[in-house]
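Trainee: I would like to go through this model term by term. Can we test each label against its cut-off?
Mentor: Good plan. Let us have the structure up.

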Amino acid sequence: MDPLWFVRTLALCACLWRTCTRGSASDCCEGDVLLLLDSSGSIPFYKFSLFLRFLSELLRPFRLGCGHVRVGLVQVGAEPRLEFGLDTHESQDDLQEALRSTQQLPGDADMEAALRLVQSLLRPQAPPTLLLWLTDGVEPGAVDGPMAALRGRGVTVLVISTGNRNYQLLRRVMGAVRLQVRDLSSSSVVLHWHPLRSYSLHYRPDMSNGSISTLNLPADTSWTELTHLTPDTTYTAWITADNNISHRTTPSVSFRTLPERFGPVAVMVLDCSPARLRVSWSPVEPEQVQEYSVEYGQIPSGPLHTLTRPSHQSSALLTGLHSDREYLITASALHSSGQQRAMSVRVCTSVG
C-alpha cells in the first residue's frame, strides 16, 4: 500500500462535505473527521505504522479547529480506546505528535464496541462528518447495522483495507454517497456523486404514468447530465449496482426542473445617447432558442427596424436614432417549435 497514492486518491474524499474553488487546501473544508483505526493482532506492526503515516500525510494540509477541520481518533482493539477527541487538537504540530505517539493495542478487534464509541462522539447539529475506517478486513463482526445507523445520521463512511478479505462487507458498510443536483434548468440537470464501481443511474418523473429511464455508467464515473426533461416537473433519480433497478438502497435525490421560459422576462436599456443605445434582455436557455429578434421604431409613427441575434447573445446595439425621441423596442425569442414570445420597453433618447 503506497501512502502517497492514497493521499492523491483520497484527499478530495476528505473534502466531500465542502469543495472550495479558491484558496489553499488548508481553508477549503469545514467538518469532522473521525478516524477508526484497526489495531487488532492480525495487523502486523509495519502495516499499523503505515496506517499512521498515511493519516499524517492525509491530514497535514488542513487547518484544524472549530470552523475548520476537527479530527478524532478511535483505536479498535479488545477494548476500543479514544486516543483523542474532536476538540483535542487545534494545531498541526499537536495532531502530528499525537499520531506519532499512538501505540498499537493488543488483542482482537471489538468493532461493535468501537462503533458505539464513535456514535457517542456525534453531536446534534454537528457539521458534516467523515468516518475513515482503516482495517485489514479480517472478521470485523456485525457492523452492517451500526454503520447504516451512522450513515443515517449523515456520516459519510470510507474504508481503506490492506487486504481483499470481506470485500462485499466493506462495500456494504460504505453504502453509496449521496447524489448532488447541479446546473438545474427547465429541460436538463447535472448530477454529481463520488465514483464507486460500475453501476446504473435511473430516473423518472414523479407521476403515475412516468416511465423509468436508465443510464449504464462505467466505473469511476462521477457525474452525468440528464437532458430532454419536462419543464416544471419533479423527478427522482437513484443509483443501483448490478442493474438491479428494484433494489434502491443506494442514494436517491429528487429535484424539480425549472419552468420553461419562452421569451425574455425583462428588457433593459444601457448606454443611451442621442443617436444610439444598447438594449439587453434576460436570456433564455440557448438550446431552446433558434435566434432573437429586436424590433424598434419611433413612437407614434416611424419606420420599423429589425435586428437578429444568435441564441447565445442577449444584447444589441441600436444605431441611427434621433435625439429626444421616444422609441418602442421589442425583443423576441424564436423557438425551434415555432413559438415566439416577446417583451417590450419604451425609451427616450437623450437630447443632442
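**Labels and their grounds**

Mentor: Start here: helix H5 (residues 144-152) lies across S1, strand S4 (129-135) and S5, and its direction makes about 135° with S5. Keep in mind that this is a predicted model.

Trainee: What makes S1 and S2 a pair?
Mentor: Pairing takes at least two bridges. Strand S1 (residues 31-38) and strand S2 (residues 69-76) have eight bridges, in the parallel sense. So they count as paired.

Trainee: Which order do the strands of the open sheet take?
Mentor: The order is S3-S2-S1-S4-S5, five strands with mixed pairing.

Trainee: Why are S3 and S5 called edges?
Mentor: Strand S3 (81-84) and strand S5 (155-161) each have a single partner strand, so one side of each has no neighbour in the sheet. On average, neighbouring strands here are turned by 20° against each other, direction ignored.

Trainee: What makes a set of residues the largest nonpolar core, and which members touch the most others?
Mentor: Members must be buried nonpolar residues joined through side-chain atoms within 4.5 Å. Buried means under 20% relative accessible area. The largest such core has 25 residues, and Leu35, Val71, Leu132 and Leu134 touch the most other members. Two or more residues come from each of S1, helix H2 (45-59), S2, helix H3 (92-100), S4 and S5. H2 gives the most, with seven residues.

Trainee: How do you know what Leu134 is in contact with?
Mentor: The test is heavy atoms within 4.5 Å. Leaving aside neighbours within four places in sequence, Leu134 passes it with Leu36, Leu37, Asp38, Phe51, Phe54, Leu55 and Ile160.

Trainee: How much of the protein chain is buried?
Mentor: Buried residues make up 41% of its 352 residues. The chain has six helices and 19 strands.

Trainee: Where is confidence lowest, and where highest?
Mentor: Helix H1 (residues 3-10) is lowest, at a mean pLDDT of 36, and H3 is highest, at 94. The scale runs from 0 to 100. The chain averages 77, and 77% of the residues score at least 70.

Trainee: What about residues 1-26?
Mentor: Their pLDDT stays under 50, although the model has 46 contacts for them beyond four places in sequence. Residues 243-249 are also below 50, with eight contacts beyond near neighbours in sequence. Where pLDDT is low, predicted coordinates should not be read in detail.

Terms used. Residues are numbered from 1 along each chain as its sequence is written. This is a predicted model: local features need pLDDT of at least 70, side-chain atom pairs count only at pLDDT 80 or more; totals for chains, interfaces and linings use all residues. Side-chain values use heavy atoms; hydrogens and water are left out. Helices (H or I, at least four residues) and strands (E, at least two) are DSSP runs, numbered from the N terminus. Axes are lines fitted to C-alpha atoms, for helices over the stretch in contact, and angles run from 0 to 180 degrees between N-to-C directions. Buried means under 20% relative accessible area, exposed over 50%, partly exposed in between (1.4 Å probe, protein chains only). pLDDT is the predictor's confidence in each residue, from 0 to 100.
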